[in-house]
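Please read the points alongside the model.

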Amino acid sequence: MRAIEREVLEMPAGGWSSPKVIDQPPRATATATLAIPLDGLTITAPQPEMLSQKNVEAVTGIPARVFLDTIRAPRFPLLITKLGKLRLVPREAFVAYLRALASEPASRRTTEADERTRVAAVLASAGLEPVSCPRTGRASPPPARTSRARLPPK
């Protein structure tokens, strides 16, 4: 490398007078080009503070429709901020809510069993008995020929 001496003009502190010339020692610099493959880099953006139907799938893996159905449930405990059509929920609180739901499946099963018992009691008071139907996995109603209850044999 070639050394270059530079002269720098320095203005004295305090006013208008002639500048002084200062000799500085040469600085050595090096320039290099580094090639890094793209798969060798990981760029991570911070998680968003709020979840909406637009970013919930990228952050949690939950589809937007499931997110909207979940936050519209009657007993959804978190604060929902409405901004036009956007529904915003705090990310950390929503993830904690999902974890709480996952850790309590037995209590939900008990609630469903209690509801079936109450339905059976109402049907019995009307002289009917419940009939189990196989689940079709569809959101549409069952065909018209399917009955939900039948009279007990006499």
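1. Phe94 is buried, at a relative accessible area of 1% (buried means under 20% relative accessible area, exposed over 50%, partly exposed in between, with a 1.4 Å probe and protein chains only). This is a predicted model, in which local features need pLDDT of at least 70 and side-chain atom pairs count only at pLDDT 80 or more, while totals for chains, interfaces and linings use all residues. Residues are numbered from 1 along each chain as its sequence is written, and side-chain values use heavy atoms, with hydrogens and water left out.

2. The ring centres of Phe76 and Phe94 lie 6.3 Å apart with the planes at 50°, so this pair is tilted (rings of Phe, Tyr and Trp, the last by its six-membered ring, pair if their centres lie within 6.5 Å; planes under 30 degrees apart are stacked, over 60 edge-to-face, the rest tilted). Phe76 is in the loop between helix 2 and strand 4 (81–83) and Phe94 in helix 3, so the pair ties together parts 18 residues apart in sequence (helices, H or I of at least four residues, and strands, E of at least two, are DSSP runs numbered from the N terminus).

3. Phe67, at 0% relative accessibility, is also buried. One aromatic cluster comprises Phe67, Phe76, Phe94 and Tyr97.

4. Which residues does Arg87 contact beyond its neighbours within four places in sequence? Among them are Phe67, Leu68 and Ile71 (contact means heavy atoms within 4.5 Å). Arg87 belongs to strand 5 (residues 86–90), and its side chain reaches the backbone oxygen of Gly84 at 2.9 Å.

Technical notes. Polar contact = N/O pair within 3.5 Å; in protein donor to acceptor, adjacent residues only side chain to side chain.
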